[in-house]
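Hi,

Here is the structure I promised to pass on.

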Amino acid sequence: MAQTANKPWWLTPVTDYGPLGLFFVAYLMYDLMVATAVLVPAALLAVLLGYAIARHVPKMALVSAALVLVFGGLTLALQDDTFIKMKPTIVQSLLAAVLAGGVALGLSPLKFALGGVLAIHDDAWRRLALRFAAFFAAMAVLNELVWRTQAEEVWVYFKVFGLFGLTLLFGLAQKPFITRHWQVGDDERPGPPG
């Protein structure tokens, strides 16, 4: 694939999922503390790599890296895995709050983030944002339930595969809604993607 806007095709997957992949491999080879010790610098390096190559780092990547540094750092400093296990809860809760809060304030954070990809009506943006806010809130609760009631290994698999898989499935489940609300204009694509 070609490079677009000074950003090679491989950069986003590497910076988004590379640290998580390294975390998982380190967990399988050692334990949660070593995996966390690998995750913290990997998250920082992913942000630096993204900036070095594309000269831009998405805000969510910065927030996620900052939370990894804080919660991973606390986990390592205090030798208490509670902090790293709570990080997905905090991230999912923040996403839910930003989306729901934006809608409550008459803003459209989801449209701001995805407006260049999706062409749907403003009311559909509001409804889609509320759907995602509810989903992220449910994921925060689910993470809490998993790490508090299941074995550590179950939580690690849930963090690495479950959260991503459920988010992907939820996103795909929104396709009929997006298709129904697709907006066609003179300067817009003729129909929804895919």
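First, the convention for secondary structure: helices (H or I, at least four residues) and strands (E, at least two) are DSSP runs, numbered from the N terminus. On that basis the protein has eight helices and zero strands. Its radius of gyration is 18 Å, close to the 16 Å that the globule rule gives for 194 residues, so the protein is as compact as a globular protein of that length. The radius is taken over C-alpha atoms, and the rule is 2.2 Å times the number of residues to the power 0.38.

Before you go further, note that this is a predicted model: local features need pLDDT of at least 70, side-chain atom pairs count only at pLDDT 80 or more, and totals for chains, interfaces and linings use all residues. Residues are numbered from 1 along each chain as its sequence is written, and side-chain values use heavy atoms, with hydrogens and water left out.

On the overall picture, the C-alpha trace spans about 55 × 40 × 30 Å along its principal axes. Buried residues make up 36% of the 194 residues; buried means under 20% relative accessible area, exposed over 50%, and partly exposed in between (1.4 Å probe, protein chains only). Of the contacts (heavy atoms within 4.5 Å) with a separation of 6 or more, 65% are between residues 24 or more positions apart.

Now helix α1, residues 11-29. Its 19 residues should span 27 Å at 1.5 Å a residue, and the end C-alpha atoms are 26 Å apart, which agrees. The expected span here is 1.5 Å times one less than the number of residues. Still, α1 bends by about 45 degrees at Tyr-17, with a proline, Pro-19, following within four residues. That bend is the angle between axes fitted to the seven residues ending there and the seven starting there. The buried residues of α1, among them Leu-20, Phe-23 and Tyr-27, pack against α2 (32-54) and α7 (152-173).

The charged end of Lys-159 sits over the ring of Phe-23, 5.6 Å from its centre. To count, NZ of Lys or CZ of Arg must be within 6 Å of the ring centre and within 35 degrees of the ring normal. Phe-23 also touches Thr-36, as do Gly-72, Thr-75, Leu-76 and Ile-84, not counting residues up to four places away in sequence. Thr-36 is in helix α2 and is buried, at 0% relative accessible area.

Another buried threonine is Thr-89, at 9%, in helix α4 (residues 82-104). Leaving aside neighbours within four places in sequence, Thr-89 is in contact with Ala-140, Asn-143, Glu-144 and Trp-147.

Then the aromatics. A search of the whole structure finds eight aromatic pairs. Rings of Phe, Tyr and Trp (its six-membered ring) pair if their centres lie within 6.5 Å; planes under 30 degrees apart count as stacked, over 60 as edge-to-face and the rest as tilted. Phe-132 and Phe-136 form a tilted pair, 5.9 Å centre to centre with 40 degrees between the planes. Being four residues apart in helix α6 (residues 122-149), they are separated by about one helical turn. Phe-132 is buried at 14%, and Phe-136 is buried at 11%. Ring pairs link Phe-132, Phe-135, Phe-136 and Phe-170 into a cluster. Elsewhere, the charged end of Arg-131 sits over the ring of Phe-177, 4.2 Å from its centre.

Cheers
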